[in-house]
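This report describes selected features of a single protein chain. The sequence and the model are shown below.

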Amino acid sequence: SKFSTIVQCFLASCEMYLDHKHLELLGIPVVTTPDICCSGMGCQAKERLDSHHDAGDDNDDACNNGGCHCRSHAHFQSSNTLEAVKAVEKDYSSDDMSAAVSAQTADDEEHEDEENVLLTMELEGMGMISIPETDFSDFFAAMISVESFAPTFGLELSAIGQQHEELFRLRIASLDGLTLHRILLELASLKCVSGQDFLCANGCKELAPAGTLMSVLRTALSAGAAVHFPMGFQTPQECVCCYFDIACQSWKPTSHDFSRWLACQEVLPGVFSVTSSSSLVLGSSFLRLQEYYESPYDGFWHQRFTIEDFIAHSRDKDRSNTMGIFQYYLQWPGFNVPGWVLKDALEGRLGPLRPQEEALLHCIEEGMLRRKEETKIGDCYLIGSTLRDASTIRHEMAHGLYSTNPAYKAAAGQILSDELSEIERKQLRNTLLDLGYRNDDAILFDEMQAYLCSGSHMDLNRPDVMDRLSANFDSFSASSSPCCI
C-alpha cells in the first residue's frame, strides 16, 4: 500500500541518517540526495551531484507494482572514500575517536531523555523531578499516563520475555508523584541486569526481576494505589509466583543457573539441609517432591503430575483449600522429604524434571559425596529452608531427626501421647488439616512434634509440652554428629 511504502522510505532515511552521524564523527563531509518514492506513482529522484552513480543506480530507482525498491544514497565529497578515511585516521587517535563517539552518544541520550518527559513536578524534599512517559529494561516496559491534575498517575507495566514478547500486563492506578517516583527507581535497578542474567540476585535476597516486581506491588499497595492484576491473579504473591514460572519458560534458565542459588550441608547424620536465599527457587525446586510425599489430594500424593497440573488445581476454588490462589513458592518457608521420594524422582516416577529440580538433586548428590560413609540417596532425608529463617531450620531438622533416629521418634511420640489429652491432640490434628496437611497419622504426629519443639504453640496453650519436646530435640541433636568430612 502507499502508506506501507512511505513507512519503508522513512525507515530507510533513518538508517541513512544514522550512518551519516558516524561519518561526520570521522570528519568526512557528506551530502545526501534522498530519492522520493510512492508506490504506484513512480520514482522522482533529485539531481545527482555525482554523475558516476547514475548508471549504477538504475536498479535501486526501479519501482513497480510489486513494491518499491528505492533507496537513499550518500555521496562523499571526495574522489576516493578509502583515502578520506585514512586521512582522518592520521588526525585522530583511537582515544580521540572513542571520546568523540561517547560525546555524541551522550548528546543523543540526553536528547532522548528530554523527549521522554511526561511531566516535570516538584516533590517535597526532593526538588524538581521529571516523570518519563516510558521506562524500559530487559524485563519490564512501563508506560506512564496522567490521570488527573492533582496530579495522579497511571502505570501500565508489561513483563517482557526473551524474544521481547509481552508475558502479561498489569495496571496500577491512582499513583501520587512520590510513589510513582519510588516505583520508577525500583524498576531502574534492573537496567544494569542483562536478560541473560534472569536468575541474577542484583544485590537482593530474591531474584532481581521477580524481587523487583514484588517491591513495585508492595510500594503501590502500601500507598493506597489500585492494582489491577492480569490473568485472574488475586494477590501480589500469586502474581510474583506465576510471573516467575512464565518468565522461566521464556528465559529458559538451566539447572546450572539454579544451582548457584542452592547450598547443601549435612546437619545431622543422614539429614541434608538445602538452603537458598530465594523463596522462589527453593519453593519451585521442592513443590513436586513435597506434594508427591504428603499432598492432601490423591491426584498428587504418590502420583506423577506436572507443575501446570498443580497450579490449575490450586486456582480452582472448588477443588482446593487455597481460595483459588497459587502462591506456593512464597507460602511455605520450609520443606521436608524422605529419601525414597528423591529416589522416585531420579527414576522418573514424578515425570520429567524441571531445571530447578535437577539442580536440587545434583546439590544433594554433591553433599553426599562429602560424607565419610557411603550413603545411597534413598537412605538420606532432605530438608529445605531459606537462610534467614532459624526457626524453620529447627522445625525441619526435627523432621529429619524424627525420620532417621528411632530413639528420638519414640521419645517425641511418648511425650505427645502422655502429656496431651485426646481432645488436645484432636485440636492439633484439626489445625494441621486446616493448614493443608494430609490426613495421615504418621505425617500429623511428625508435624505436631516439629511445630511444638520449634516454638510454635499451634493455638495450644501448653508451654510445658513445648519445653519437653524442645529439650528432647536439643538432647538428641547435640549427641548426633554429621558424617561429613
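## Lining of the largest pocket

The residues that line the largest pocket comprise 12 nonpolar, 19 polar and five charged ones. This account rests on a predicted model. The lining holds 36 residues in total, and Tyr328, Gln331, Trp332, Leu435 and Tyr437 are those nearest the centre of the pocket. Two or more lining residues come from each of helix H9 (279-294), helix H10 (307-314), helix H11 (328-331), strand E16 (334-338), helix H14 (390-404), helix H16 (422-435) and helix H17 (441-453). The greatest contribution is that of H14, with five residues.

The space within the largest pocket amounts to about 610 Å³. Rolling a probe the size of a water molecule over the atoms shows where empty space is left.

## Strand E16 and its partner

Strand E16, one of the elements that contribute to the pocket lining, is itself largely enclosed by the rest of the structure, because five of its five residues are buried. In a regular strand the side chains alternate between the two faces of the sheet. In E16, Gly334, Asn336 and Pro338 point one way, whereas Phe335 and Val337 point the other way, and all of these residues are buried.

E16 pairs with strand E17 (residues 381-386) in the antiparallel sense, through five bridges. Within this pairing, Val337 has Leu382 of E17 as its bridge partner.

## Hairpin of E7 and E8

Strand E7 (residues 117-123) and strand E8 (residues 127-132) run antiparallel and are joined by six bridges. Met121 is placed opposite Ile129 of E8. The two strands form a hairpin with three residues between them, and in its turn Gly125 has a positive phi of about 80 degrees.

Strand E11 (residues 152-160) and strand E12 (residues 166-175) are antiparallel and share seven bridges. Across this pairing, Ser158 stands opposite Arg169 of E12.

E12 also pairs with strand E13 (residues 226-228), again in the antiparallel sense, over three bridges. Here Arg171 stands opposite His228 of E13.

Thr212 belongs to helix H6, which spans residues 208-222. Thr212 is classed as buried because its relative accessibility is 7%, under the 20% cut-off for that class. The side chain of Thr212 comes to 2.7 Å from the backbone oxygen of Ala208.

When neighbours within four places in sequence are set aside, the contacts of Thr212 are with Glu186, Leu187, Ser189, Leu190 and Leu207.

## Overall composition

The protein contains 18 helices and 17 strands. Of its 485 residues, 45% are buried. Where contacts link residues at least 6 apart in sequence, 63% of them join residues at least 24 apart.

Notes. Residues are numbered from 1 along each chain as its sequence is written. This is a predicted model: local features need pLDDT of at least 70, side-chain atom pairs count only at pLDDT 80 or more; totals for chains, interfaces and linings use all residues. Side-chain values use heavy atoms; hydrogens and water are left out. Helices (H or I, at least four residues) and strands (E, at least two) are DSSP runs, numbered from the N terminus. Buried means under 20% relative accessible area, exposed over 50%, partly exposed in between (1.4 Å probe, protein chains only). A polar contact is a pair of N or O atoms within 3.5 Å; within protein, one must be able to donate a hydrogen and the other to accept it, and residues adjacent in sequence count only if both atoms are side-chain atoms. Contact means heavy atoms within 4.5 Å. On a 1 Å grid over the protein atoms alone, a cavity is a set of points where a 1.4 Å probe fits but cannot get out, and a pocket is an open set with protein on both sides within 12 Å along at least five of seven lines; lining residues have an atom within 4 Å of a point. Grid points are joined across faces, edges and corners, and a volume is the space filled by probe spheres set on the points. Ala, Val, Leu, Ile, Met, Phe, Trp, Tyr, Cys and Pro count as nonpolar, Asp, Glu, Lys and Arg as charged, and the others, Gly among them, as polar. Two strands pair if DSSP finds at least two bridges between them.
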